[in-house]
Amino acid sequence: MNDIKERLVNGLIKENPTFVLMLGMCPTLAVTTSAMNGLGMGLTTMVVLALSNAFISLLRNIIPGKVRIPAFIVIIASFVTMVELLLEGFIPSLYSALGIYIPLIVVNCIILGRAESYASKNPVIASLFDGIGMGLGFSFALTCIGAVRELIGAGTLFGLHIMPESYIPCSIFIMAPGAFFVLAMLTAIQNKVKLIGERKGKDMSKIQSGCGSDCMNCSDTGCTKRLYDEKAQNLKTQQIKGEGEKDHA
């Protein structure tokens, strides 16, 4: 249970794909003209990410190391095709709004990155929730960006008119430059919150921390990556010890 919680928190906060790792910028900047589009793209990516993570983890001991990347891409592309057909059949409006960015999920660096760095090295359940956590973090980021752009650029939120009649929309926010403005603003707010917390002596390590791969000095006892590395190191030590005892005999 702690491992599942750690995976969800990791994707939402510590290694948020958009605000922390700055991954998947193409769909982040392109489809977030409204909150609904951002939420739709985020949830679509989350489904593909969770399913591909689980399936890759299930086959991690079968897929040969030399062809793992092509194999990962085939698995991801299969799930993207399934999701694309479902969107086209049941939510055609969202399918039309997202357009070419649905098939481009196949080459989204978030999905391939999690497959290579986590799913191919960890159990199925942990990999599944890692995908869900990263997908929720991506969905949250895209929805926030889309909501701000829609509110300022059109005066609406999820299609509902929010701003007063006298409000004059700033249309640049629903154009391409607006995506950069809003992303920079939200990232700056996150950095400011972290800075204020650190000045007050609070532990802000779970905001924009990511993973520095410094397992020796890492204080996150629930980090699955470190547990995996420790197990691998212990196994290697036991093998070396066994070989030494065999040679001595």
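Predicted model: local features only at pLDDT ≥ 70, side-chain atom pairs only at ≥ 80, totals over all residues.
Tutor: Residues are numbered from 1 along each chain as its sequence is written, and side-chain values use heavy atoms, with hydrogens and water left out.

Student: Let's start with Val-31. Why is Val-31 counted as buried?

Tutor: Buried means under 20% relative accessible area, exposed means over 50%, and partly exposed is in between (1.4 Å probe, protein chains only). Val-31 has 4% relative accessibility, so Val-31 counts as buried.

Student: Where does Val-31 lie, and what is Val-31 in contact with?

Tutor: Val-31 lies in the loop between α2 and α3. Leaving aside neighbours within four places in sequence, Val-31 is in contact (heavy atoms within 4.5 Å) with Asn-37, Gly-38, Met-41, Leu-98, Tyr-101 and Leu-142. The C-alpha atoms of Val-31 and Met-41 are separated by 7.6 Å, and the two are 10 residues apart along the chain.

Student: And what makes Met-22 partly exposed?

Tutor: Its relative accessible area is 36%, so Met-22 falls in the partly exposed class. Met-22 is in the loop between α1 (2-14) and α2 (25-30), and its phi is near 55°, a positive value in a residue other than glycine.

Student: How do you know that α3 and α7 are roughly antiparallel?

Tutor: The axes of α3 (residues 35-58) and α7 (residues 124-154) cross at roughly 170° and come within 7 Å. Axes here are lines fitted to C-alpha atoms, for helices over the stretch in contact, and angles run from 0 to 180 degrees between N-to-C directions. Under 35 degrees counts as roughly parallel, over 145 as roughly antiparallel, 65 to 115 as roughly perpendicular, and the rest as oblique. The pair is therefore roughly antiparallel. By class, their contact has 17 nonpolar, 11 polar and 2 charged residues.

Student: Which residues of α8 are buried, and what covers them?

Tutor: They are Gly-178, Ala-179, Val-182, Leu-183, Leu-186, Thr-187, Gln-190 and Gly-197. What covers them includes α2 and α7. Just after α8, Gly-201 takes a positive phi of about 85°.

How values were computed: Helix = DSSP H or I, 4+ residues; strand = E, 2+ residues; numbered from the N terminus. Nonpolar A, V, L, I, M, F, W, Y, C, P; charged D, E, K, R; others polar.
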